[in-house]
Every structure is written in structure tokens, then in C-alpha cells.
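Reader: Could you walk me through how to read strands in a model like this one? I'd like the general idea, then the case at hand.

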Amino acid sequence: MASEEQLSVIKGAKVLMVGAGGIGCELLKTLALSGFEDIHIIDMDTIEVSNLNRQFLFRQKHVGQSKAKVAREAVLKFRPHIKITPYHANVKDPEFNVDFFKQFSVVLNGLDNLDARRHVNRLCLASGVPLVESGTTGFLGQVTVHVKGKTECYECQPKPSPKTYPVCTITSTPTKFVHCIVWAKDLLFAKLFGNKNQENDLNVRSTDASSSSEHTEDVFERRADEDVEQYGRRIYDHVFGYNIEVALRNEETWKNRHKPRPVYTRDVLPPRPVEQNGNKDKASNTGDPSSVSAMVSLGLKNPQDLWSLRENSEVFLESLRLFFLKREKEIGQLGFDKDDQLAVEFVTSAANIRAASFGIPLHSLFEAKGIAGNIVHAVATTNAIIAGLIVLEAMKVLQNDVKSYRMTYCLEHPSRKMLLMPVEPFEPNKFCYVCSETPLTLEIDTHRSKLRDFVEKIVKAKLGMSLPLIMHGVALLYEVGDDLEEDEVANYAANLDKVLSELPSPVTGGTILTVEDLQQELKCSINIKHREEFDEEKEPDGMILSGWTPALATEKNKTSDNGPSSSNASETAPLEPEDDDEIEIILKDPEILAAGKKRKSSDVSLAACSEISSATGEMLTKSKVEEDDSHSDIVTVDGNLDTTKKKRVQ
């Protein structure tokens, strides 16, 4: 039962919720039942059928409608006297600026991605509004409190980036099913249905120097006299047959590896029928493109069934056929979407055929969708527990009860007979570039890299800035915004294509750049260090950003990837676990060479650990590490990092 003091602060509080999904639905209900009377909700998503098993405020009739608006309507039915204001919008939209955030007593996050979390963290720091962060993954969950100047901010510790794989592994020597998924999703699907002008590593294979003249054409272009099935079989034979034969010519590659087997349509499918099976067109009688399904067309009903090589081949050809017959207008601009049934069927079948060729176990569509979409299936009970913990921490924040703040981990397995493990928060990290404004260092070839590379790969991708402004001393090199004059826009656009050392105010070794985001009210300094040689495999971006945390001289923990490959094939898949019997909390960022901090296991539990999901950016806990590439709720543990003691909040 809440005390009179608690009831007073609750009723007088103005709360901002960001996210109205799994956690958000539970959180809104709990806030309403706890006495909060002025709640604002921001969510850009609409309701999907897959949400209904856990986002209990929604029903079948709500599919396609705004989550924020429907959640409001549902809660007002049992709490009609309270005020709920929904925003069907992106929290990164300009209207949600620092002044907007300043009107709230506390911000409560129920987000599912790292980028939005970082953005909200910065707005809360700039506005001085406390933030209660949360995340769930299956049975695992976590709630943390972030108050400017009193606790560490959300970015005080580096967050792991999505697991990346070398392009050569994806294109030439896959050994795991996830490699096949990445190949099917980021290379083949993108090549057939995405931007035709975008180069990727399938182009390299298709025009291999050792290939005969008949294969030097762009085989992915459909010929004028070619029907859809002929085109599909030709693509199948090229990527699963001919390309594998070309790869086998390099005998050195396969001396210590399992040799793949070329697969052609003639090996697994009957000859092409003279007439198409009329029953196949039942795949989309509704006229709704999203309802088109190769499984329906072929009579395959259970997504958890393991298809044979022949069935996968039939699904591959049928899904490709349906894309061209039913969704031809979309081809050329499609990107993979885990909620696009036909896209999932195509990627699953393509990955399985490639897996069969390389001797890798096949997976069901249900399993493949989880890997391709980085899905960890939600547990409604976990969301409810985390929502309750968020409200408890929000009440402490509203009472300014700093000594009672807790980071709470929801565990899957009992530790010390506890499933909820509270931990005292830590003080701000003095090396955090977000809340402590510590300078960063960027190693880059200033004679070859363009300003565009710096903006896209560093300022936006790594620093997460939305509306950046870049200055060299008093010289303004780049700026974006609606209030710019046409000549200014043209000038900054021209600067983007200039090499750093050739800018109006040259950027060379020793230069200090000031980067600022006016929307986030975040400013940081970057020391430029000129470097000419980079390892193309380990440092594909040709630049290394460091300085987020003190580097630890631990050679073992150096990452082999500092960013996405040129093919975009590597920004997929969950983190892989490392075998370790001693479970400890690790904070590890693959973008920082040999850098990281580790909290002692005694700070939480000898059998509990916390990490950030690489797929969703959500915080999670886990007491048992399982080696399973098909789930993204796996933590990375490593008992060899040096321990850096951090101060708890006093």
C-alpha cells in the first residue's frame, strides 16, 4: 500500500513512456492502476498479429492501428478519469526535443533498439529528467535508473555491437547456419529484390575472373524472353551450383575444410512442367500483397516442420515466382522484413539449400525466422515483472530517494534462492564521452577518407547523432537542418565529397574536431590521428574510433571486426558465447580494441550475469550460458579481462 507521500508525488507526476509494445502495455496498465494520472506515450509502430500473444491491450480488430492510440483507449476503459496523451511518432522526430522532455517528471523506456535508447538517454541528460531504462529477452530482464550527475548514464558503459562475420566466411566458407542466413538475407535477397545499383559480394562471384565468358553477364538480370520459372531455375543453378563449382577450383581453400557439394535444379526437382499448376495462384486470393505465401501455394502448413532439400527448392522457386507475379512493383526497393512472410520463406529456403551444400544442418522456417530477424520469443510474465519494477524505481525517483535506487536483474534460474537480483547503481563514468564529454580519438587516413565517410560511419553510426554539426575551430564544415539557406545546403553537400585534408579548413593529423547534435544537445571533441594502413578484413571501415573507456592491454580480447563490411552482410546474427564456467558481468564493446570493464560477480551474484542483447539492444540477464546460434538471448562471457572497480552511488 502506497504511503500518503508516495500517493502525493504519484498524482502530481507527469510521466513520459517511450514504447507501447511488450513492456509498454504492461507498464501503462501498472502506471494507471498505481495512481498516475498524467501519462504521455510515444510509439511509432502499428499493431501486428504477432504482437497479440503478449501485448494484451491489443486485439485482432486493432491490427494495423497505432499502438500508442489503441493502448490509451484500452486503459481508459478501466481508468477513465486519468489523462493519457498518445503520440504515433518516432521519438527521434524534431518535435520531441529537449524542451519537450523538460515538462516531464520522469521518463520510462520500453524500447527495443539501441539507437533509440541512446537518443532518449541524451535528451534526458540535456533536460535533466531522470530516466528508468528497461529490457526483456525471454525469461530475462533488467531495470536500471539513470539520473544526471548521480548515477551512470545509459552510455557510461559501451554496448556490444551486433555480431559481425568476415565477408569471406559469408560468401565462401560458411560453417554455421547463421552464415547461410546472412548470405541469403543480406546478399541474395538484396541482390534480387533490393536496389539493383548496390554492389555486393554476389557481383564478385558472378564475374569471377576464372569464370567463362558465358557467365560474365549479370546473371541476376531477367532476360527479355525468359519467364519467371526459367529465371528462377537459372538463378538457382548459378548460386547453388555454378558458384560452388567455381569455389571448388581453389583446392587450397578446401585442404582442411569440408568440401561443399554443388546443387542444381536437375538434381533435386523434376523437369519443368509444360504448364503451371493452377492451384499455386491460391497463394493470394485476398489481393493483399502481405498475405502472399509460398507455403500456402505448396500446401506446407507447419512452420516448425523441417523441410527436405526438395521442399526447400520448391519454396525457393515458388517464393521467387510470387514476388515477380504478385509484388513486381516492389522489386528494386525491397529490404528484408521479418514480418514479411514471403521474404522469410525465400530467405529460409535459400539458407537451407546453401546449408545442405556445405554440410550444415537445416533449420525450420520458425527457427530461421528467429535468426534472420534476431527474434527472442517474448514471455508475457517477464514483461509484467519488469513493468512493476520500473514503476517502483519511478516512485523512488519522484521522491528523490537516491539511496534506494536499484538496478534489478530478472534471472532465469534462481541464484541464492532469488530470481530478482537488486544491485546498487554506480556513479557516472568519468571517461564517458556522453555525460563527461571526454575527448575521443579517431585513427583515419585523412588523405583518402572523405567527410561523408566520417559523417556516416562515425558521427551517425557510432556516435548516434541525428542532426550533426561539425566544426574545425571556428570553421563550420558540415551542418543539417531545415533553417539552412540553399547555398549553405549546397556548400555542405559539396564538402561531403571532399577528402578530409582538402576541406576548406583541412583536417589532418593533430586536428581536433567538435561534433555537436543540436537536437540532443550533445557535444564532443574528436582528436584526429592520421594513419595510412588498415587491415581490410579486421578494419573494413578504414578508421578506428577509441576513447570511450580506458583501453586494456589484453590481446585476447581484440576484435576482428570494427564495423560492417562493404556488402552489409555482417550486420546480422546474435552474439556467440564463449565457454566459461565462471559467470561474471561483462561490459564489452567490439568496436573498442582491447577495451572493456567488468563488474565483479560479487556485485550481483556468483551465478548471475548481465549483458546487452546484440539483436535488440535490450538489457538482459542470464545465469547459464548456452552455445546456440539460433537464439539472441546469449551473453558473451570472458573471465580474462582485468577488473576495474567502479564507485557505487553514495
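Predicted model: local features only at pLDDT ≥ 70, side-chain atom pairs only at ≥ 80, totals over all residues.

Reader: How does the chain get from β1 to β2, and what is the hand of the crossover?

Author: The chain passes through helix α2 (residues 22-34) on its way from β1 to β2, and this β-α-β crossover is right-handed.

Reader: Which other strand does β1 pair with in the parallel sense?

Author: That's strand β4 (residues 106-109), again with four bridges. Here Met17 has Leu108 as its bridge partner in β4.

Reader: Which side chains of β1 are buried on each side?

Author: General idea to begin with: side chains in a regular strand alternate between the two faces of the sheet. In β1 (residues 15-18), Val15 and Met17 lie on one side, Leu16 and Val18 on the other, and all are buried, so both faces are covered, with buried meaning under 20% relative accessible area.

Reader: Now the open sheet: what is the order of its six strands?

Author: The order is β11-β10-β12-β13-β9-β14, and the pairing is mixed. At the edges are β11 (475-479) and β14 (543-546), each pairing on one side only. On average, neighbouring strands in this sheet are turned by 25 degrees against each other, direction ignored.

Reader: In what sense do β10 and β12 pair?

Author: Antiparallel: β10 (residues 468-472) and β12 (residues 512-517) are joined over five bridges. Pro468 stands opposite Asp517 in β12.

Note on methods. Residues numbered from 1 in each chain as written. Heavy atoms only, no water. Pairing = 2+ DSSP bridges. Helix = DSSP H or I, 4+ residues; strand = E, 2+ residues; numbered from the N terminus. Axes fitted to C-alpha atoms, helices over the stretch in contact; angles between N-to-C directions. Buried < 20%, exposed > 50% of the residue type's maximum accessible area, 1.4 Å probe, protein only. Right-handed = clockwise from strand over helix to strand, strands pointing away.
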